[in-house]
Amino acid sequence: MLWDRLTDAKESSQGQFPLTQNVTVVEGGTANLTCRVDQNDNTSLQWSNPAQQTLYFDDKKALRDNRIELVRASWHELSISVSDVSLSDEGQYTCSLFTMPVKTSKAFLTVLGVPEKPQITGFTSPVMEGERMQLTCKTSGSKPAADIRWFKNDKEVKDVKYLKEEDANRKTFTVSSTMDFLADRNDDGAVVSCRVDHESLNSTPQIAMQVLEIHYTPLVKIISSNSWPEEGQSIILTCESKGKPVPEPVLWTKDGGELPDPERMVVNGRVLSISFLNKTDNGTYRCEAKNPIGRNSTEYVLIVHDVFNTLLPTTVIPSLTTATVTTTVALTTSTTTSATANSTRDPNALAGQTGPDHALIGGIVAVVVFVTLCSIILLGRYLARHKGTYLTNEAKGAEDAPDADTAIINAEGSQVNAEEKKEYFI
C-alpha cells in the first residue's frame with residue numbers, strides 16, 4: 001500500500017503545472033503578477049525577477065523592495081504587485097512550483113515609456129508672405145517610438161519628414177517630424193498643431209499648437225453703388241483693402257491726378273462720393289492702399305450715361321368738311337427723342353433713377369383734348385349760321401311764283417328792294 005500511495009503522489013505531481021500571463025504596464029504604474037495551479041498537494045510556489053532573485057516564497061517576502069507587495073497566497077495561487085514600475089523592471093519573471101522535478105512558467109513584463117510633451121521649434125513671428133517656413137515637432141522618452149502627425153486648422157498635412165533616434169539608455173526613443181512650406185496670406189491666423197500618438201497615452205494624444213502670423217501687402221477692390229450711372233445722379237465708390245499690418249488710409253485719384261472737383265467729389269475714409277454726375281466725370285478712378293510691407297492699387301472706369309427719356313403720344317384730329325364750307329383742323333403734338341431713347345436700358349439699373357415726368361405728359365394731353373373740343377364747337381356754330389342764311393335767301397319770292405325762273409327773279413328783286421330799303425333806312 002505504501003508503494004501505491006507514492007505512485008499516486010507521483011502521478012498527481014506530474015499533472016500539476018503553474019499558469020502565468022504576460023503583463024504590460026505604463027511606466028510609473030502598477031504591475032500585477034499572478035501564478036495559478038489547478039491541482040496542488042500543498043506544494044510551494046515562488047516568484048523571482050529577471051535577475052533570478054526570489055521575490056516571494058509562498059507568503060514570505062524574500063527581497064527587500066517596498067514596491068513589491070503580496071496580493072494573495074494559497075496552495076492554488078500566488079499573486080504579487082510591483083508599484084511605480086520603471087523601465088529597469090522590464091523583463092521575464094518566473095513562477096516556480098516545487099514539485100519533483102520543479103516546474104516553472106514565464107511571464108514577461110513590458111514597460112511602456114511615456115513620451116514627453118511635444119514642442120514646436122523653428123517658428124519666428126511675424127513671417128513675410130513668400131518666405132519658407134520649417135517647423136519641427138519633437139518628443140522624447142517614448143517606448144516604443146511614438147507617432148507624430150501634423151495638422152493645419154484640423155486638416156492633416158501629409159508631406160512631412162519623420163526621424164527616430166534611440167536614447168542614451170537604449171530603451172526609449174526621441175522622435176521628430178518637420179513640416180516645410182511657403183508662407184501664404186491665407187495661412188495668417190491658421191493654427192498649426194503637432195499631435196503625438198502612443199499606446200501609453202490611452203487614446204489621449206499630446207498636442208502642441210502654434211498660431212501663424214503672416215504679413216502681406218494689401219489686397220484692394222473697388223465696389224460701386226450704381227451699375228448704370230446717369231447724368232444728375234450720384235455714385236458711391238468704396239475701396240476695400242485687406243492687408244497685414246492694417247493698410248493706411250487709401251488715396252483716391254482720377255486719370256492719374258488729383259480729384260478735379262472737391263465740392264462734388266467727397267472722400268470720407270475709404271469711400272468716394274460723387275454727386276450730380278455729368279459727362280466731365282467720365283474717367284479712370286484709382287484707389288491705392290499701402291502698409292509697411294508694400295502697396296497695391298486697383299482702378300474703376302466711370303462712364304456717365306445720358307438720361308433715359310420716353311416718347312410722348314401723338315394726337316391727330318381729322319378734317320371736317322361740309323357741302324359749302326371746308327375747314328381742316330390738324331393738331332399734332334410730338335416730342336424730340338434724345339439719342340439715347342433707342343438705346344437698351346441696363347436691366348440691372350437701380351430703382352429710383354430719373355424717369356419720364358408722367359404728370360407733365362398728362363397735362364399736355366389734357367390741353368390738346370380741350371383745344372380740340374373747343375375748335376369743334378366753334379366750327380359747328382359757324383357752319384350752322386351760314387347754312388341758315390343761305391336757305392332764307394333762297395326761299396324769298398318763291399311762295400307766289402308759278403315756276404322756278406319766276407321765283408329766282410322775284411328773289412333777286414326782293415334783295416334789291418331790301419338793299420334799297422336798307423340804304424333808305426340808314
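**Notebook: the annotated span and the disulfides**

I began with the record, where UniProt, in an unreviewed entry, places the feature "transmembrane region" at residues 359-379; I note that UniProt positions are given in the numbering used here, that feature names are shortened, and that annotations may be inferred rather than shown by experiment. The model I am reading is predicted, so I keep in mind that local features need pLDDT of at least 70 and side-chain atom pairs count only at pLDDT 80 or more, while totals for chains, interfaces and linings use all residues. Residues are numbered from 1 along each chain as its sequence is written, and side-chain values use heavy atoms, with hydrogens and water left out.

I then looked at the span itself: residues 359-379 are 100% helix and 0% strand, and their end C-alpha atoms lie 31 Å apart. Helices (H or I, at least four residues) and strands (E, at least two) are DSSP runs, numbered from the N terminus.

Next I turned to the cysteines, and I found that the structure holds 3 disulfides, a disulfide being a pair of cysteine sulfur atoms within 2.5 Å. When the bonded cysteines of the protein chain are numbered in sequence order, the pairing reads 1-2, 3-4, 5-6.

I took C35 and C95 to start with, where the S to S distance is 1.8 Å. The torsion about their S-S bond is about -80°, so I recorded this disulfide as left-handed. The pair links distant parts of the chain, with C35 in strand 2 (residues 31-36) and C95 in strand 8 (residues 91-97), 60 residues apart.

For C137 and C194, I noted a disulfide with sulfur atoms 1.6 Å apart, and this link is left-handed, with -60° about the S-S bond. It also joins distant parts of the chain, since C137 is in strand 12 (residues 132-142) and C194 in strand 17 (residues 191-197), 57 residues apart.

The sulfur atoms of C239 and C287 lie 1.7 Å apart in a disulfide, which is left-handed with -75° about the S-S bond. C239 lies in strand 20 (residues 235-244) and C287 in strand 24 (residues 283-291), so the pair ties together parts that are 48 residues apart in sequence.

C239 is buried, with a relative accessible area of 1%, whereas C374, at 30%, counts as partly exposed.

How values were computed
Buried < 20%, exposed > 50% of the residue type's maximum accessible area, 1.4 Å probe, protein only.
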